[in-house]
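Subject: Structure handover

Hello,

Here is the structure I promised to pass on. Please open it first and keep it beside you while you read the notes that follow.

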Amino acid sequence: MSEAQVKRSVHVIPLSRVYFGRRMNRADRAVRLVRKYVARHYKQAEKIVIDPLVNKFIWSRGREKPPRRVVVEIRYDPEEKTAKVLLARSPRKTKTA
């Protein structure tokens, strides 16, 4: 994979629509929604790889309360036709009581 041909772009993926369904599997649907979003924006991509940090960020508040949006960096390699989804910025620090 040559670094010169890899296309990088930052996207803010809204996950608020997963809140309209049942509460018990929202994080599952959020991960599927990220994959669907990338497939829609990179139609040529045959393989979509979601980084474990993105998955961990979505599941960070549990299965019932995923974050409302996630900022990701998508790296698309046209030679291998793969899109890799990475977390663009580190999650916010929360107060510990």
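Asp28 and Arg63 form a salt bridge, with the closest N and O atoms 2.7 Å apart. A salt bridge here is a side-chain nitrogen of Lys or Arg within 4 Å of a carboxyl oxygen of Asp or Glu. The two partners sit in distant parts of the chain, 35 residues apart: Asp28 is in helix α1 and Arg63 is in the loop between α2 and β3. Helices (H or I, at least four residues) and strands (E, at least two) are DSSP runs, numbered from the N terminus. Arg63 counts as partly exposed because its relative accessibility is 40%; buried means under 20% relative accessible area, exposed over 50%, and partly exposed in between (1.4 Å probe, protein chains only).

Before going on, some notes on the source. This is a predicted model, in which local features need pLDDT of at least 70 and side-chain atom pairs count only at pLDDT 80 or more, while totals for chains, interfaces and linings use all residues. Residues are numbered from 1 along each chain as its sequence is written, and side-chain values use heavy atoms, with hydrogens and water left out.

How many salt bridges does the structure hold? There are five. Another of them joins Arg23 to Glu64, at 3.7 Å between the closest N and O atoms. Arg23 lies in the loop between β1 and α1 (26-41) and Glu64 in the loop between α2 (52-58) and β3, so this pair ties together parts that are 41 residues apart in sequence. Arg23 is partly exposed at 46% relative accessibility, and Glu64 is partly exposed with a relative accessible area of 26%.

Next comes Arg8, whose side chain meets that of Glu73 in a salt bridge (3.7 Å, N to O). Arg8 is in strand β1 (residues 7-14) and Glu73 in strand β3 (residues 69-77), 65 residues apart. Arg8 is partly exposed, at 48% relative accessibility, whereas Glu73 is buried because its relative accessible area is 17%. Salt bridges with shared partners join Arg8, Glu73 and Arg75 into one network.

What else does Glu73 touch? Leaving aside neighbours within four places in sequence, Glu73 is in contact (heavy atoms within 4.5 Å) with Arg8, Ser9, Val10, Lys84, Val85, Leu86 and Ala88. The side chain of Glu73 also makes a polar contact with the side chain of Arg75, at 3.1 Å. A polar contact is a pair of N or O atoms within 3.5 Å; within protein, one must be able to donate a hydrogen and the other to accept it, and residues adjacent in sequence count only if both atoms are side-chain atoms.

Now the strands, which pair if DSSP finds at least two bridges between them. Strand β2 (residues 47-50) runs parallel to strand β4 (residues 82-87), joined by four bridges. Ile50 has Val85 in β4 as its bridge partner. β3 and β4 pair in the antiparallel sense over six bridges, and here Val72 stands opposite Leu87 in β4. The hairpin of β3 and β4 has four residues between the strands, and in this hairpin Lys81 takes a positive phi near 55°.

Last, a ring. Arg68 lies over the face of Tyr19, at 3.8 Å from the ring centre. A charge sits over a ring if NZ of Lys or CZ of Arg is within 6 Å of the ring centre and within 35 degrees of the ring normal.

Regards
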